[in-house]
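Q: I have a model open and want to learn to read it feature by feature. Where do we start?

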Amino acid sequence: MSAHTVASAIENRVSTHFFDPTHGLDEAQIAELVRLATLAPTAYHLQNWRFIAVRTPAAKAQLHALAWRQQKVLDAAVTYIVCGTLGAHIQLANRLAPVVHAGVFAQAVGDAWVAQATAAHAPDAQLQRDEAVRSASLAAMTLMLAAEGMGLASAPMGGFDAAGVASAFGLQADELPVMLVAVGRAAAVAPPKPRRPVAEVLALA
């Protein structure tokens, strides 16, 4: 993908509040968005995330009630529940095995990463939570840019009953519902909102 195409996707993406309720996505498209989302980076290659694609009318109605009745949950083709995983260091050796097998780095490097991650994360619940939120957020942004690249609209959503979502959609005790991302075809396209000037937000050190 050219730098121009990437920049265009970033510049053209807007959060969509009104989706075309007649538009749907098939399972291959839903899976492809997740595949692209999982190319986002994670510390130690933890890949500490999971995605639940809410797409059936019954599941949408359930999520709609838990997301403060935001209409876009009903109208979007799919709303992803982007989850971050706590205690991801426990599975890190398994996650790194394909990396070692592919020859990206040696087993000794993988073992060192596992030791470092375990030493840092095992005793620190707050670090585990921070890392889960970081990873899920990076994945959510990547998913939204992937949607833009596929000609779709998206909307990140933080307004929902996290405990209710976890219960209703069968999240494990070590999973956090970090964000909802609605994806579909926009019913109305809004222009990008002006942003703060770079001079206000950039410091050169």
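**Salt bridges and helix packing**

A: Start with a charged pair: the side chains of E32 and R35 form a salt bridge, with N to O at 2.8 Å. Keep in mind that this is a predicted model.

Q: How far apart along helix α2 are E32 and R35?
A: They are 3 residues apart in α2, so about one helical turn separates E32 from R35.

Q: How many salt bridges does a search of the whole structure find?
A: The search gives 6. Take R134 and E131 as one case: their side chains meet in a salt bridge at 3.2 Å, N to O. Both sit in helix α7, 3 residues apart, so about one helical turn lies between R134 and E131.

Q: What is the accessibility of R134 and of E131?
A: R134 has a relative accessible area of 41%, which means partly exposed. E131 is at 11%, and therefore counts as buried, because buried means under 20%.

Q: Which residue meets R196 in a salt bridge?
A: E200 does, at 3.3 Å, N to O. R196 has a relative accessible area of 58%, so R196 is exposed. The cut-off for exposed is over 50%.

Q: Now a charged residue without a partner. What is the nearest side chain of opposite charge to D75?
A: That is K60, 7.1 Å away. A salt bridge needs nitrogen and oxygen within 4 Å. D75 is buried yet has no salt bridge.

Q: Where is D75 found, and what is around it?
A: D75 is found in helix α4, residues 71-75. Leaving aside neighbours within four places in sequence, D75 is in contact with F19, D20 and P21.

Q: On to helix pairs. What describes two packed helices?
A: Two packed helices are described by the angle between their axes and the distance between the axes. Take α5 (residues 92-101) and α6 (residues 107-121): their axes come within 10 Å and cross at roughly 155°. That angle makes α5 roughly antiparallel to α6.

Q: Is the crossing of α5 and α6 right-handed or left-handed, and which residues make the contact?
A: α5 passes α6 in a right-handed crossing. From α5, the contact uses L92, A93, L96 and V100; from α6, it uses Q107, G110, W113, V114 and A117.

Q: At what angle do the axes of α2 and α7 cross?
A: At roughly 130°, with the axes of α2 (residues 27-37) and α7 (residues 125-149) coming within 8 Å. The two helices are therefore oblique to each other. Roughly antiparallel would need an angle over 145 degrees. α2 passes α7 in a right-handed crossing. L33, L36 and A37 of α2 make the contact with A139, T142, L143, A146 and A147 of α7.

Q: Last, a loop. Where is A122 found, and what does A122 contact?
A: A122 is found in the loop between α6 and α7. Leaving aside neighbours within four places in sequence, A122 is in contact with H89, A117 and Q128. A122 has a relative accessible area of 44%, so A122 is partly exposed.

Q: How far apart are A122 and A155?
A: In sequence, A122 and A155 are 33 residues apart. In space, they are 34 Å apart, C-alpha to C-alpha.

Terms used
Residues numbered from 1 in each chain as written. Predicted model: local features only at pLDDT ≥ 70, side-chain atom pairs only at ≥ 80, totals over all residues. Heavy atoms only, no water. Helix = DSSP H or I, 4+ residues; strand = E, 2+ residues; numbered from the N terminus. Buried < 20%, exposed > 50% of the residue type's maximum accessible area, 1.4 Å probe, protein only. Lys, Arg positive; Asp, Glu negative; His and termini not counted. Contact = heavy atoms within 4.5 Å. Axes fitted to C-alpha atoms, helices over the stretch in contact; angles between N-to-C directions. Parallel < 35°, antiparallel > 145°, perpendicular 65-115°, else oblique. Left-handed = near helix turned anticlockwise from the far one by under 90°.
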